Amino acid sequence: MELIIIDNWQTIWAENKYWIMAHSQQNYNTIRLMAKNNQWSPEKTILLTTKIQETGLIPPTTKTLTTAYQHAWGYFKKECTPSEKTTYMKLLQQLTPENDALGPFLKHLTDKYQEKYLLKSKLMKEQPEWTALLKPQG
């Protein structure tokens, strides 16, 4: 990963925020505190780059995925259909890192509702397509 340009840190943070949250609440909190008050420095740029790289090595847990996905869900809960809400609740109850259909479902909602913030999110960009999970196996 290239060193992040200071002027670009807010964009990098926005793109990585939920992905980091899905992997490590501790790294998320560290970066969130660094970004507080919009005061940035070359040292923080190096730390941000390092934290993003470290985060990629941390496997998500059910708890960290749940937290990140609940934040993403907040973008849809008022405009989704009753069926989509039922699907969300069902997939949330079944969620584990090994059984993650919720991420692809949220990606589907992101695309359907063209949620601009989430369309740029690394968390959504890395999700497989929801339709791929619906195809018959075998």
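Helix 2 and its neighbours

A: Helix 2 and helix 3 are roughly antiparallel to each other, because the angle at which they pack is about 165° and an angle over 145 degrees counts as roughly antiparallel. The model is a predicted one. Helix 2 covers residues 25-35 and helix 3 covers residues 42-55, and their axes are 10 Å apart. The crossing of helix 2 with helix 3 is left-handed. On the helix 2 side, the contact is made by Asn27, Thr30, Ile31 and Met34; these meet Lys44, Leu47, Leu48, Lys51, Glu54 and Thr55 of helix 3. Sorted by class, this contact of helix 2 with helix 3 holds 4 nonpolar, 3 polar and 3 charged residues.

In general, an α-helix has 3.6 residues a turn, so residues three or four places apart point the same way.

Helix 2 also packs with helix 1. The axes of helix 1 and helix 2 come within 8 Å and cross at roughly 155°. Helix 1 is therefore roughly antiparallel to helix 2. Helix 1, too, passes helix 2 in a left-handed crossing. From helix 1, the contact takes in Trp9, Trp13, Lys17, Ile20, Met21 and His23; from helix 2, it takes in Gln25, Asn27, Tyr28, Ile31, Arg32 and Ala35. By class, the contact of helix 1 with helix 2 has 7 nonpolar, 3 polar and 2 charged residues. Asn27 and Ile31 of helix 2 take part in the contact with helix 1 and also in the contact with helix 3.

Helix 4 is another neighbour. Its buried residues pack against helix 1 (9-23) and helix 2, and also against helix 5 (82-94), helix 6, helix 7 (116-119) and helix 8 (122-125). The buried residues of helix 4 are Thr64, Leu65, Thr66, Ala68, Tyr69, Ala72 and Trp73. Helix 4 runs over residues 62-73, and its 12 residues reach 16 Å from first C-alpha to last, close to the expected 16 Å.

Helix 6, one of the partners of helix 4, spans residues 102-113; it has 12 residues and also reaches 16 Å between its first and last C-alpha, close to the 16 Å expected. Leu102, Gly103, Pro104, Phe105, Leu106, Lys107, Leu109 and Thr110 are its buried residues. After helix 6 comes Gln114, which has a positive phi, near 50°.

Note on methods. Residues numbered from 1 in each chain as written. Predicted model: local features only at pLDDT ≥ 70, side-chain atom pairs only at ≥ 80, totals over all residues. Heavy atoms only, no water. Helix = DSSP H or I, 4+ residues; strand = E, 2+ residues; numbered from the N terminus. Expected span 1.5 Å × (residues − 1). Buried < 20%, exposed > 50% of the residue type's maximum accessible area, 1.4 Å probe, protein only. Axes fitted to C-alpha atoms, helices over the stretch in contact; angles between N-to-C directions. Parallel < 35°, antiparallel > 145°, perpendicular 65-115°, else oblique. Left-handed = near helix turned anticlockwise from the far one by under 90°. Contact = heavy atoms within 4.5 Å. Nonpolar A, V, L, I, M, F, W, Y, C, P; charged D, E, K, R; others polar.
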